[in-house]
Amino acid sequence: SAMRIAGHELTDSIRSRRAIVLLVLYFAGSIAGTLIFVKILHGVEDQVVKAMGLDPAKNPGGVTATLWESKAFRDIIVHLTGNKEVAMELLRIPPIALFYGWMSFAFAPLLVVLTAAPRIAEEVWSGSIRFALFRTSRGAWCLGKFAGQACQLLIALLLSAAGAWLVGFLRTDHFALIPSALAMTSFALKAWIYALAFLGLATGISQFFSSPNIASSVSFIALIVLSALGGLSAHFAKANTIGGRIWDLVNMVIPSGHKLDLWRIDPAHVVPAVVFLVALSFAYMLIGQSYFARRDL
């Protein structure tokens, strides 16, 4: 029953062009962001080459590949990350794929909240939900809505990875075709898992309201609050005190607390993060379901 609802959600999104807009948004945004990164990369390389008294390269990429392997640059990355093991793992990833990973993790949650938050509220507002609930339960209907949105999100992220890869292929020298494709696909899947938690949050909040606009506004505020809590918990959880342990607990129940582990290559870190994030997505959604199940529709 939930799978049928998910299929209907996909076909309805395609019919209403929501899915098409979502795919175009992710694809075009990925291309635009990567083009800006390549332009900045080219400018940095030109400055480095001029400082060395050499002629600037026509396309970016060659100087970066050399810098990426230098000990001085690696030491800088270790200092910035604060973790040598994580830094060494990141330095195995092609630069443009690393940028795509940052971009997908940074913007996917925001786009998910903006697109998914109104979905349940607008059907309650229009009254169309009453026809659907004759054939299925409220829980299965909400789960189907969640699954349909998750499928759209996965397709959109994979398409955005293809857009970033295409820009790298066309605009950079010494572009690692296969490693970049594998790294970008991996980041797209990891960003999808990360964004699922926010999809669960938006779906849960949407079950509390009958107004799509209010559901979107509250979901956006919740996103800001979670981001702020993530920054605070990451800072204060380091303290070996009771307060630090409380912040460490907060870190476990918000998505950003598991983001760093998703950047790792080692499955021993990635798998627990995936499990926690999927669990959080369902936990957020079930909070809304506990209210939605008793609502007078």
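pLDDT is the predictor's confidence in each residue, on a scale from 0 to 100. This structure is a predicted model, and the protein averages a pLDDT of 84, with 85% of the residues scoring at least 70. Confidence is lowest in helix H3 (residues 62-69), where the mean is 58, and highest in helix H10 (residues 177-206), at 95. Where pLDDT is low, the predicted coordinates should not be read in detail.

| Helix | Number of residues | First to last C-alpha | Expected span |
|---|---|---|---|
| H1 (residues 2-15) | 14 residues | 20 Å | 20 Å |
| H14 (267-292) | 26 residues | 37 Å | 38 Å |

Each reach is close to the expected one, for H1 and for H14.

The buried residues of H1 are Ala 2, Ile 5, Ala 6, Glu 9, Asp 12 and Ser 13. Because these residues cover an arc of only 130° around the axis, they lie on the same side of H1. An α-helix has 3.6 residues a turn, so residues three or four places apart point the same way. The face of H1 turned away from the buried side carries Met 3, Arg 4, Ile 14 and Arg 15, which are exposed. After H1 comes Arg 17, with a positive phi near 70°.

In H14, the buried set consists of Val 270, Ala 273, Leu 277, Leu 280, Ser 281, Tyr 284, Met 285, Gly 288, Gln 289 and Phe 292.

In soluble globular proteins, nonpolar side chains tend to be buried together. The largest nonpolar core here has 56 residues, and Tyr 26, Tyr 100 and Leu 157 have the most contacts inside it. Two or more residues of this core come from each of helix H2 (18-51), helix H5 (84-90), helix H6 (95-116), helix H9 (138-171), H10, helix H11 (212-236) and H14. H10 gives the largest share, 15 residues.

Beyond its neighbours within four places in sequence, Leu 157 contacts Tyr 26, Tyr 100, Ser 104, Ala 108, Ala 188, Ala 191 and Trp 192. A second, separate core has nine residues, including Ile 5, Ile 129, Trp 141 and Leu 297. Ile 5 is also one of the buried residues of H1.

**Cysteines**

A disulfide is a covalent bond between the sulfur atoms of two cysteines. With a cut-off of 2.5 Å between cysteine sulfur atoms, the count of disulfides is zero. Cys 142 is buried, at a relative accessible area of 1%, whereas Cys 151 is partly exposed, at 36%.

How values were computed
Residues numbered from 1 in each chain as written. Predicted model: local features only at pLDDT ≥ 70, side-chain atom pairs only at ≥ 80, totals over all residues. Heavy atoms only, no water. Helix = DSSP H or I, 4+ residues; strand = E, 2+ residues; numbered from the N terminus. Expected span 1.5 Å × (residues − 1). Buried < 20%, exposed > 50% of the residue type's maximum accessible area, 1.4 Å probe, protein only. Arc of directions from axis to C-beta. Core = buried A, V, L, I, M, F, W, Y, C linked by side-chain atoms within 4.5 Å. Contact = heavy atoms within 4.5 Å.
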